Structure formats: C-alpha cells, structure tokens
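Please brief me on this structure.

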Amino acid sequence: MTNLISQAFKDNKKKLVTFVTGGDPDFETSLQIIKTIINNGVDIIEIGMPFSDPMADGPTIQLSSNRAINKGIDLENIFSLASEAKKTKKDVPIILMGYYNLILYFGIEKFVKKCKENGVDGLIIVDLQPEEDEDLINELKKNEIDLIRLITPTTDEERLKLILKNASGFLYYVSVMGITGQKSANLNELKKSVAFIKKHTNLPVVPGFGIKNSTDVNNICKIADGAVVGSSIIKIIEENLNNKDKILSEINKFSKDLKDGTKV
Amino acid sequence: MLKNTYKSYPNEKGYFGQFGGRYVSETLMPLILEVEKEYEKIKNDKNFNNEFSHYLNSYVGRPSPLFFAERITNDLGGAKIYFKRDELNHTGAHKINNCMGQILLAKKMGKTRIIAETGAGQHGVATATVCALFGLPCIVYMGEKDIERQSPNVFRMKLLGAEIRTVSTGSKSLKDAMNEALRDWVTNVKDTFYIIGTAAGPHPYPAMVRDFQSVIGKEVRKQLEELEGRSPDLLMACIGGGSNALGLFHEFLDDSNVEMVAVEAAGHGIKTDKHAASLTGGKPGVLHGNKTYLLQSKTGQIQEAHSISAGLDYPGIGPEHSFLFEEKRVTYMSATDKEALEAFQYCCKLEGIIPALEPAHALAVLKKIAKNYSKDKIIVMNMCGRGDKDIFTIADELNIKI
C-alpha cells in the first residue's frame, strides 16, 4: 500500500479527487456515499475529519461538520470509514483531511498507527504548515504515509521551496484566496500558478476550492493534473437531508459527471 | 530555565515553553510572517514608540490613575488594595492600548482595511474608534448571542462607523466571531489587517498584544514607587484571553517577590459544563493559530464556554498564560457568575466605581483572599473595564426592569 498516491498518477491521466465529511449525514449513509463515488471511478478519496471550528471552510462544510459531530462521529468512526472505503477498491488512495487539534488530542503516534492499520495513504492538515509539522511528519515518514502539502496564491518562491522539502504524493493547490465552496479560480491566474509550481517540482499539482461541477473540473484538468471537488457534493447532502435515497442517487449521477469532466 | 528570565519569552518561533506557535492555513502564513517582520522592526523603533506614546497620552488618556481603594481595604481588613484604573481609558477598557499599537502597525504596512472580532464589544468599540481616528474602514465580527447581551456597545460601534457582521454559527459568541474573522482574513489577505483583541492567535500576536498592553504594568511600577516607595506584593486580574492580566503582570514577571493571581470565569461552577476556565478545566490543543489550553470534549472538539461576562466567554486562553500556569509563576483561580455579580455590586457601593463584569471576577477572588495578606502588604488589581455596557445584563440577573 505504499506510494499508492504517486502510483495513481503514473498513467498521466487527469485525476478526480473528491472530498466528503466523514459521517455526514450519518455513518451508514456516509459510507454508502463514499462507496458510490469510488464505484464511479474517483481516483482519490478525501474523507474529512469533522471539527467544531473549521476555519478554512465555508458554510457548506461547516454545517456538514456539525451534522457529523452531532451524530457522534469521532476518529474511530473515521478510521472505520477509511478501512471500508479501502475494501471497496484497494488501489484507490484514501486521504484524511482536517484540522490539527483532533490529531493532537488523539495522540500523534497513535493516530498515525491507526491510519496505517486502516489503509490511509495520506493526510491533509489545513492548519499545519512546515514550521510546525516536525512531530507529525517524522511519524508519517516512518509509516510511509504522505503529508499532502497545500500551496496557495500567496505562497512565494522561498516558501514554495520550504513546502516542497517534505512534500510527497501530490500538491494540493488552493486555487483561490479564501475558504471552501465560494468563488472560483481565474483560469489564467491558475495556469500561471501551476506553471510556477511545476518549475520547482515533478509532483502532480491538483487544484481545489471553488471547483463546483463537471465543466469546472474539465477546465481545471486542462491546466493541472486533476481537480478536487468537495462542497458541491456536500451541498447535495444538505439539500436532501430527509431523503437518503435521493442523496445517493444524486451523488451517483453527479460523481459520474465529475469523472467525465476529467477527460481532456 | 532560570526563574529570572520569564520576560524573555517567546522564542523566535513564537513559543512560550510548549505553547504558542503559528497554526494557520498556508494562505495566511506569508502575511503572518510579514506582520512578525514588521513588528520586530517597529518594536524598538524610537519614532514608532514616540507616536504610540503620543496617542496613548493625548487620546487614550494614559497614564491611568492608580487608586487606593480605602473603603474596600478597610472592609476586607487585610492588605492595602489599589485599583489600576484602566476602565477610565477612552472607550472604557484596556483594549484600546492594543488597538492603538496595532493600527499604527497596520498603517506602516500599508493595509487599507481593518477587521476584528469582539465578545463583550469592548475590543470592537476600541477597534472602531482607532479606525475612525485614522480613517480606515472597519468590520467587526460579533456572535449573535453577544450582540443581544451587549447592545450598547453594538450601537457605539455603529456610531463610530464600523460595520457589524453577525456570527450565527457554533456557540454564537467570541470563539465563532474569531473563526469568521479568520475566514475574512484568508479571503482578503492582500489589503486587510486583523486586529486581534487578546494575547492569543498565531505568533507574533500573543507577544505583540502583550507588549502593547505592558504599559499597564510599567505605569503601576512607577506610580506605586511614587505612592509607596516600593513594589506590589500581589497583582490580580481577570482572564478571558488574558491580555489585561499580561499587561499588568509582564513588567513584574522576573520580580520573584511579586505574587500574581489571575481569575478565570467559572460560570455556573467549574464542576459543571458551563464555565470558561480553560486552564482549570481544559487541556492543551490547537485553535485560532496557537497551541494553548482549551476546553475540549472527550474527542477533541472545542467546547462552548459559558460566562455571564461576554469578555471572558472563550474556551481558550493566550499561550503565555498556559506557560505561566505550567511554570506555576502565576496562580490561576476562578470566580462564578454569582460571585462576580456580588463583587460588581460591592464595588459600586463601596467605591463608587461601576466595574465591568470581567474585572468583577478578579474582585470576587480578591474579596476572598485579601485578608490573608497583612496590612503592610500591597495588592494591585487591574480594573480593566467599566460596567456601563453590562447594566442590562445586571438588571436582568437582579430581576430589575430599567
């Protein structure tokens, strides 16, 4: 299971990466959602670890995190989701995404061990930059789990070099200044940013934030190595909370569309 | 670490022992580093400090008096009690000391838009005030619950030209206002300066806010020297995020003969789940850019705090306090809503000072411990805010219609 993320990019095809909050709207439905998305050909799955104070997220993911927390979802549940997701298709990489406090509270060593046991291939920690990540990265390296780095429009060349030092898997490019689920990237700007990053690394670059539908995915995939979609999948959950069948059928349709968007 | 070097913290990475640091999204990192660089530049710059002092003296009204509270001293029958009257500052609290420093820095950095979070509204009012003074647009994030209980301050901010943005997520109070301010900052990172109201947040904020507030302790040292010819024996202050306490304490941290007590808000009681005592009832974690003690659930979710005082209603605490707590340099105690309410009325009647509910917490503990100190001892308590903003809350609690 090592290097599953870099393996995924080997064929040079554009990748669809999706984000859903683990346990939203409840554990069972969340698992069905993840399985549906995997069966529709998603290339990499991100499972959000719900946190009470998601500072980088817009209203959609805030509400989604609250729903999961109110259902009592904790890290043990998230690990179960990861392990079930892995059973669905063993070569689809699983990434856990969230905020540092949950990991710190759980215990770094114990957290990474659990990741390893449950088939987690990478982590994205929104509020942990190279300046503060030594404890976590050492543990991750020992266990061959990627820490997926975030690069943003404000990252300058000096910081880019610092970020690339321990980067592996792929680079998540936060395509707008702001929070999730809001405005979309200017494609010309994005093109320049991707080129700037690629000058310094061979790692794949995958933009996220503000990528809402299949057309967006297609536009982004013409510029970068893939695209991350999150809030607009979660919006389907939010709009159909009383109808779980509809959540699943809509996400089934939507994730197929998104996958089609990666064909360039 | 030698006991006489407490004043040298934080280290270059912004750590007070194991607390502090910079835990923000990558989008904010370059800006945070720039704030740090610019702050380092102006910190010891003569021109900046002259300008800062000028506004503190001529606009804020510093130095604030050090007042011998004779009737309370006699009533409690122990040490001599002094109040540091920071409630007499322009806008009614210590908050403006920090706002003045930060807006001067924001101007130096060429920022054209100011954002702030507020709980009790004191920091919001102080920020709105300095923004009016320097002609910068001001956006204040405030929890829905706090907007209700601090309506006079909401109106004051509006009069001062600030835009109030209501925060209706989470606990609808200070913690969530700070989340929204951070979300605004990450979206408007190029032109916006975030004036954080307490000694918390990513480095350099905890150190910077403390430094701007440390004028309080420096004045106390000088004033007490003139009045009594000596240093205080005990310093007391309330703590939410902890900036007024650090403002008073910092000057004396390396004076081993000066004892310090900080008072957290115990809400309905420390043993209930309705309090705001992050040190007494919390555990180390990461929130709002720093590692510090936080009120957390069994699974690491941040819990809602509770206090009758909106200014103390926060589930965290500045990282320097977490450090001073573990080092046992400062003693941390707590007062309940009820005790604060009693102390509030006590202060009104005995000294003719209507305190804010925040320092009423410090006074509540002071009332209990003053008699443990003999008459030749001196206690200085920071009266960090005035209570005009709280009259509706108080009337409500006392079942009085106004």
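Predicted model: local features only at pLDDT ≥ 70, side-chain atom pairs only at ≥ 80, totals over all residues.

Residues are numbered from 1 along each chain as its sequence is written, while chains are lettered from A and ligands numbered from 1 in the order in which they are written. Helices (H or I, at least four residues) and strands (E, at least two) are DSSP runs, numbered from the N terminus.

**The open sheet**

- In chain B, 4 strands form an open sheet with antiparallel pairing, in the order β1-β2-β12-β11.
- Two strands pair if DSSP finds at least two bridges between them.
- β1 (15-16) and β11 (283-287) of chain B are at the edges with a single partner strand each, so one side of each has no neighbour in the sheet.
- Strand β2 (residues 19-23) and strand β12 (residues 289-294) of chain B are antiparallel and share 2 bridges.
- B:Y23 has B:G289 as its bridge partner in β12(B).
- Helix α13 (residues 319-326) of chain B lies across β1, β2, β11 and β12 of chain B, at about 45° to β12(B).
- Such angles run from 0 to 180 degrees between N-to-C directions, and axes are lines fitted to C-alpha atoms, for helices over the stretch in contact.

**The buried strand**

- Strand β4 (residues 80-84) of chain B has 5 of its 5 residues buried, so the rest of the structure largely encloses it.
- Buried means that 20 or more other C-beta atoms, placed from the backbone, lie within 10 Å of the residue's own.
- B:K80, B:Y82 and B:K84 are buried on one side of β4(B), and B:I81 and B:F83 on the other.
- Strand β3 (residues 66-68) of chain B runs antiparallel to β4(B), joined by 3 bridges.
- B:F67 is opposite B:F83 in β4(B).
- Strand β14 (residues 378-382) of chain B pairs with β4(B) in the parallel sense, over 5 bridges.
- There, B:M381 of β14(B) is the bridge partner of B:F83.

**The helix pair**

- Helix α4 (residues 95-108) and helix α5 (residues 122-134) of chain B have axes that come within 9 Å and cross at roughly 40°.
- Residues making the contact include B:C99 and B:I103 of α4(B) and B:A126 and B:V130 of α5(B).
- Contact means C-beta atoms, placed from the backbone, within 7 Å.

Definitions and conventions:
Contact = placed C-beta atoms within 7 Å. Buried ≥ 20, exposed ≤ 12 C-beta atoms within 10 Å, placed from the backbone.
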